[in-house]
Amino acid sequence: MLETHDLSVELGDVWRLQSVALSVSPGENVAIVGPNGAGKSTLLDCLSGDRVPQVGRVQWQGTPLSQLSLERLAQTRAVLPQTTALSFDFSVGEVVAMGLIWPGEARAEFWLQRALAAFDLVALAERPYPTLSGGEQQRVQLARVWLQRAQGAEAGDASVTPGWVLLDEPLSHLDMRHQHQCLQVFADLAKQTHSGVVMVLHDLQMAAQYADRLLLLQQGEVKAQGTPSKVLQPDLLEAVYQCPLQVLSHPGGWPLVVAKAD
Amino acid sequence: MRKLAQPRWLFALLGMVLLLCAVWALRQGVYPLSWPQWAQALWAPHDATPASQVLWELRLPRLLLAMLVGAVLGLSGAAMQGLFRNPLADPALIGVSSGAALASVAVIVLGAAWSLEPGPWLLPLAGFLGGVAVTAFIYRFASRYGRTHIGVMLLAGVAINAMAGAGLGLLSYLASDQALRQLTYWTLGSLSQAQWFQVSGLALILIGALWALTGQARALNLFLMGDRVVTHLGLSLPRMKRSVVVWTALGVGAAVSVSGVIGFVGLVAPHLVRLLVGPDHRVVLPGSALMGACLVVVADTLARTLAAPAELPLGILMAAFGGPFFLWLLWRHLNGQDWGGRDA
């Protein structure tokens, strides 16, 4: 269980996060939503251990992240940064393989092939990464992150080591098919490896379809937290996003947020 | 697009080339040696024959020093390009070598002026400190928010080179005649004063640098994707940066202290390796050391034989070939072809 109470972060004289409380259970899928500059990425930085908050602390199974070694953290949590720049000519296979925590381990090759297949990258494996399109590059990074958690979760005796996965805007540049594929693959990973998944999403419809729980942030404060149908209320969203909108019902049964036509 | 699919072919190929270059270099020279004489002298290091003395006191230490200088410069160039996330970083281009040269020359000139006899360790130490100072300065100067600006870095290097040039000019004004000769030797680069103790000293530094830097190869790979990716995969970012700054400065400083400034090896060697096997630092770092050794052995043998019995300064020869190579790199870049890396 990943949890934090009363988390506050000050950055350049501004409180970017104020008294945020969040707990993520194994296998649970949480989406952080909110307008630009709401503090979503800052929250993710705290949950990854990259940033130490001024107030409060983040705990994994009761231990503060700052007390876990870098190696232990790498085995337990995987992180997709919002942007990744890579200008050297690594092949797709090499970039994905960088997600291996134990590159020489017996099942490393098996996991690498699984990662490539899960994100439709088998045919691209030999291509130089810088020549790929934006969406293809994003899939390579997603596969790298998936691979890290998948290998890290394998404890040897067919049991799994639980952990968590942090995805900062995993859907950027992806086409519709790969957007759904991506969130489905990570939802499956969450169940199989008992990992909590926390992702920053802008697409409220995707969040409603795939997340078990939403956390709505505005200017560093939690405005609402709960199931998609509880959080996605038209009045609340209009106030937070300052945009006229409507909440419809998707045929699949989850709320569908659309902008209101004038 | 990559010429060699397996890294071990690169090592086999470069090892073979280096061996051939070594035999060729030991054969070439003003003093003619027939094959039997040569082979006999090679097995008799302590003979009083001229053949044995030429081989063991002149050609062999010089050959080994050329290999070591080339290996250290190639390795340092590859590591520095990783640290700057840019394939155009080169210890000489961004001023690290001239910083090291300035510090070493200051020790020679001021030491002579104050009638101090600098010990053999003092020059490498001065070179090291000069190299560290410049590397740390350039790195901090050109980096903002975890990104390194290539333009700023190269221009800062131009400024450092100019300042070091001014310092060297000033010192040459102050220098005695004998110190002046030494000074020219430093700024143009040469291996003509190769000594056995330099070989053993530089070999120790090469072993240390190879061990320390290849240990950071995975961190350097991850670092190319961003600072945090290193930490996310469980490796220490400060340790990697410290290791690269210290060992490249130590290596370049020591290389400069025995051979003067030899440019472009650190740029050309890693680039050729990346063309052959791709950018993985686990291969590029040792491969660049081997490639650098080959390049400097060939260049130095040409330097001492092209105008025999006179000698061309090695630094001039490297610049004469390296300059056009660098222009070719820029040309390929402008035309949008792959070059083992694009602007960060």
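Trainee: What radius of gyration does chain A have, and what would a compact globule with 262 residues have?

Mentor: Keep in mind that this is a predicted model. Chain A comes out at 18 Å, and a compact globule with 262 residues would be near 18 Å, so the two agree. Its C-alpha atoms fill a box of roughly 55 × 45 × 35 Å along the principal axes.

Trainee: OK, and what's chain A built from?

Mentor: Nine helices and 12 strands. As for burial, 45% of its 262 residues count as buried.

Trainee: Switching to chain B, how many helices and strands are there?

Mentor: Chain B has 14 helices and two strands. Its C-alpha trace spans about 60 × 50 × 40 Å along the principal axes, and buried residues make up 50% of its 344 residues.

Trainee: What about the radius of gyration of chain B?

Mentor: That's 20 Å, and a compact globule with 344 residues would be near 20 Å, so chain B agrees with the rule too.

Trainee: Among contacts in chain B between residues at least 6 apart in sequence, how many join residues at least 24 apart?

Mentor: 79% of them. For chain A, the figure for such contacts is 65%.

Trainee: Which residues is V96(A) in contact with, leaving aside its neighbours within four places in sequence?

Mentor: The list is L112(A), A115(A), L116(A), L121(A), V140(A), A143(A), R144(A) and L147(A).

Trainee: Is Q242(A) buried or exposed?

Mentor: Exposed, because there are 9 other C-beta atoms within 10 Å, and 12 or fewer counts as exposed.

Trainee: Where does R85(B) lie?

Mentor: In the loop between α3 and α4 (96–113) of chain B. R85(B) has a positive phi too, about 50 degrees, although it is not a glycine.

Trainee: Buried or exposed, that R85(B)?

Mentor: R85(B) is buried, because 24 other C-beta atoms lie within 10 Å and the cut-off is 20 or more.

Conventions:
Residues numbered from 1 in each chain as written. Chains lettered and ligands numbered in written order. Predicted model: local features only at pLDDT ≥ 70, side-chain atom pairs only at ≥ 80, totals over all residues. Contact = placed C-beta atoms within 7 Å. Helix = DSSP H or I, 4+ residues; strand = E, 2+ residues; numbered from the N terminus. Rg over C-alpha atoms; globule rule 2.2 N^0.38 Å.
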